[in-house]
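Here is a short tour for anyone new to reading protein structures. Keep the picture open as you go, and look up each residue when its name comes up.

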Amino acid sequence: FEAQAGPDTCISVAMSLLKTPANSVQVITSSLGLLLETDGLPAGSDADFVQTLAVLDIKGADGATVCCAGYLVHHYTEAASGRCFGPFNLGQVLRFCRALSSRLESRSRPLVLGSPPGDEQSRTNAAMLLGAYLIYVTGWTADQVIEALGDEADRTFACSWSRKDRPEAKRNMKVSHCWAGVELAKIKGFIDLACLSSDLTTDLVCSKIRRVVAVYDAAWIVPGLIMVCADPVTTALDPNPETFSFLFPEEGGPTSPKSGGRVRWVPSDDSISQYRVPSTPTKAGAPSIVFPESLSPPPRFAEINEDKPEQFENDVDGMSVATVCKEYFNKALDAPTHGDVLGVQKPLDFASFLLEAEIGFIVRTNFDKEPGMPKTGSYQAAEFNSVGLGHVDIQIPDTNGGLPRRNDVAKLLQVCPGLGLQKEGGGVVVHCKGGFGRSVVLACCLAIDRFDLPGTTLLGWARVVRPGAINTPEQELFLQSFAGRADMRKFAGLIANGDASPSTKCGPCGCSLQ
């Protein structure tokens, strides 16, 4: 069929078989087309010479729908995301690229992708995923994707955590920003695309990405150089057995946050006996843990200690982002990770995790006491200094959009002068209370300066690698206002000098996800 017809003819014939106008389909390759009609896939979507399929229904090698989980922010309930519906995270993007590539390799008919009738959110996510596939697998540039997919590039995503009980602000982030972000990762070597060569290698990389967020509530903005995370005290106090339990090594150093003592969740003997281990193993060969409803937390943060039922401050109206509740026990974990219960190796303490990741410096942007933080407050910086980690406070109020001031950005750029130079001083981790807003904005400022990148590109990339990131419209517009390093240094009151800038090459630092 293809040998006798070019791409346009191939798709045109296919569409006539489906009684769908050929001009409603964007031709991508001789074997792939995108249905552009808003009303979605036609009835009877299979024919002898063509197959149509919803983008979000693509299945992986295990037969599971790649995007079945939809948009999610790890540790948080679906309801907490509010209006936000995407973009999907990096693991989902990579698995989609691998699954679609495998499907096209084994195809016998042209494939036309679309979205469910009238589902604008699915169509927006579908456009983002398809663009990522074209960039990562077929070698297209973001500009080529924009030219090919036209108006799909201008589709917009709601701001992270946009509340449904309030009027929605103007949307600022476009699908094209995400495409620019995934292209950035390809060009700079943030991702080793060889991982897409097999299902095994794709799963391995995705598992590494997931573990960082699941155990440490963290994500790499620039792998090996710039990481963001929640205040580690909030994660250590999280009773979820998958998260780390200690800030520091149990022996030979501080073992707790400022309040003293061990910080970990220890279930009672009674609660241990209530764990139910299904007989059917997971793909990794280990049974998953399902927690009984009796272990579910109250509506707000779960109580860590029965004698201290209110460990977290209450929300305060007027904050730029209302504190959201972490979800502890109402979803099954991928694998048993509670070492005390099932004998599985416990995760490294937070300080050892940073040192193993070659992080040398910590930037804290939240305050010791603020809404959503434990009443005991954050950690003492000197404790991290004692284990060889540098530390600086650049505290930004989480009000009026949670934006950094000029002197905040200047201080950040000045205290991290060697970042990107063969990693001599190690990478940097920036955190705020939740690791979504203030920390990600400052981390993006640092990346814009070090790599001379547009803020729109960092906005799209941050939303992919850290779902929930950039959580106010003000933060979105702030990043979009920077065209590159010169704009960033002008804002910070520093002299832009390209010759004095750190190297933008990522290869020597070994920062690829692989």
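## Aromatic pairs

Rings of Phe, Tyr and Trp (for Trp, its six-membered ring) count as a pair if their centres lie within 6.5 Å; planes under 30 degrees apart are called stacked, over 60 edge-to-face, and the rest tilted. A search of the whole structure turns up 16 aromatic pairs. In one of them, the ring centres of Tyr216 and Phe244 are 5.4 Å apart and the planes meet at 20 degrees, so this pair is stacked. Tyr216 belongs to helix H6 (residues 199-216), while Phe244 sits in the loop between helix H7 (232-236) and helix H8 (269-272), so the pair ties together parts that are 28 residues apart in sequence.

Phe244 also forms a stacked pair with Phe350, at 5.5 Å centre to centre and 25 degrees between the planes. Phe350 lies in helix H10 (residues 350-356) and Phe244 in the loop between H7 and H8, so here the parts tied together are 106 residues apart in sequence. Ring pairs link Tyr216, Phe244, Phe248, Phe350, Phe353, Tyr379 and Phe384 into a cluster.

## About the model

This is a predicted model, in which local features need pLDDT of at least 70 and side-chain atom pairs count only at pLDDT 80 or more, while totals for chains, interfaces and linings use all residues. Residues are numbered from 1 along each chain as its sequence is written, and side-chain values use heavy atoms, leaving out hydrogens and water.

Helices (H or I, at least four residues) and strands (E, at least two) are DSSP runs, numbered from the N terminus.

Now visit helix H4, residues 142-149, where Ala142, Val145, Ala148 and Leu149 are buried (under 20% relative accessible area; exposed means over 50%, and partly exposed is in between, with a 1.4 Å probe and protein chains only). They cover an arc of only 125 degrees around the axis, which puts them on the same side of H4; the arc is taken from the directions from the helix axis to the C-beta atoms. Asp143 and Glu147, on the other side of H4, are exposed.

## An open sheet

Five strands form an open sheet with mixed pairing, in the order S8-S9-S12-S10-S11. Two strands pair if DSSP finds at least two bridges between them. Strands S8 (218-222) and S11 (390-393) stand at the edges with a single partner strand each, so one side of each is left without a neighbour in the sheet. S10 (residues 359-364) and S11 pair in the parallel sense over 4 bridges.
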